[in-house]
Amino acid sequence: PATADTAITTQVLLAELTFSATAAPATSNGLITFNAIGSDTSANATGTASWFRCFASNGTTVVMDGSVGTATSNLVLNSTSIVSGGTVSVSAFTHDVLNSSSGL
């Protein structure tokens, strides 16, 4: 989608990962470095991850979208090649609130 305010239409849900009870500590110099995120041990579908969407704890209120990759993206995964039933793990998740238009 063009922005986090754009509805998901034809995009396929590949995996669902959940924040810990405290998603992140306070912002430091405009950078949020999120706490550990649990792995999805049974991915929903097969495909290549190219973006993510975060929801509030109610599961419906969109908080932000961001980039996905294996090194220099907001959300760093073990692999962007997701296989249905496989494990999807997060290595790191950061968000620069000073240089963002996500609405955080």
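This is a predicted model: local features need pLDDT of at least 70, side-chain atom pairs count only at pLDDT 80 or more; totals for chains, interfaces and linings use all residues.
View 1. Residues are numbered from 1 along each chain as its sequence is written, and side-chain values use heavy atoms, with hydrogens and water left out. Val62 sits in strand 4, residues 62-69 (strands are DSSP runs of E, at least two residues, numbered from the N terminus). Together with Ile8 and Phe55, Val62 makes a nonpolar surface patch with about 210 Å² of accessible area. Members of a patch have over 30% relative accessible area and no salt bridge, and nonpolar side chains (Val, Leu, Ile, Met, Phe, Trp, Tyr) are joined within 5 Å, like charges within 9 Å. Areas come from the Shrake-Rupley method with a 1.4 Å probe, and for residues only the protein chains shown count as cover.

**View 2. Ile8, another member of that patch.** Ile8 belongs to the segment before strand 1 and is partly exposed, with a relative accessible area of 40%. Leaving out neighbours within four places in sequence, Ile8 is in contact with Pro1, Trp51 and Arg53, where contact means heavy atoms within 4.5 Å. Ile8 and Arg53 are 45 residues apart along the chain, yet their C-alpha atoms are separated by 9.6 Å.

**View 3. The salt bridge between Arg53 and Asp65.** The structure holds 1 salt bridge, meaning a side-chain nitrogen of Lys or Arg within 4 Å of a carboxyl oxygen of Asp or Glu. Here the N to O distance between Arg53 and Asp65 is 2.7 Å. The pair ties together distant parts of the chain, with Arg53 in strand 3 (residues 51-55) and Asp65 in strand 4, 12 residues apart. Both Arg53 and Asp65 are buried.

View 4. Look for Asp40 in the loop between strand 1 (31-33) and strand 2 (47-48). A polar atom of the Asp40 side chain does lie 2.9 Å from the backbone nitrogen of Ser42. Beyond four places in sequence, Asp40 touches Ala15, Glu16, Leu17, Gly86, Thr87 and Val88.

**View 5. Ala43, in the loop between strand 1 and strand 2.** Ala43 is buried, with a relative accessible area of 4%. Its contacts, not counting residues up to four places away in sequence, include Leu14, Ile82, Val83 and Ser84.

**View 6. Ser73, in the loop between strand 4 and strand 5 (75-77).** At 19% relative accessibility, Ser73 counts as buried. The Ser73 side chain reaches the backbone nitrogen of Gly69 at 3.2 Å. Ser73 also touches Ser67 and Val68, with residues up to four places away in sequence left out.

**View 7. Asn29 and its positive phi.** Most residues other than glycine have a negative phi. Asn29, in the segment before strand 1, has a phi near 55°. Asn29 counts as exposed, at 75% relative accessibility.

Conventions: Helices (H or I, at least four residues) and strands (E, at least two) are DSSP runs, numbered from the N terminus. A polar contact is a pair of N or O atoms within 3.5 Å; within protein, one must be able to donate a hydrogen and the other to accept it, and residues adjacent in sequence count only if both atoms are side-chain atoms. Buried means under 20% relative accessible area, exposed over 50%, partly exposed in between (1.4 Å probe, protein chains only).
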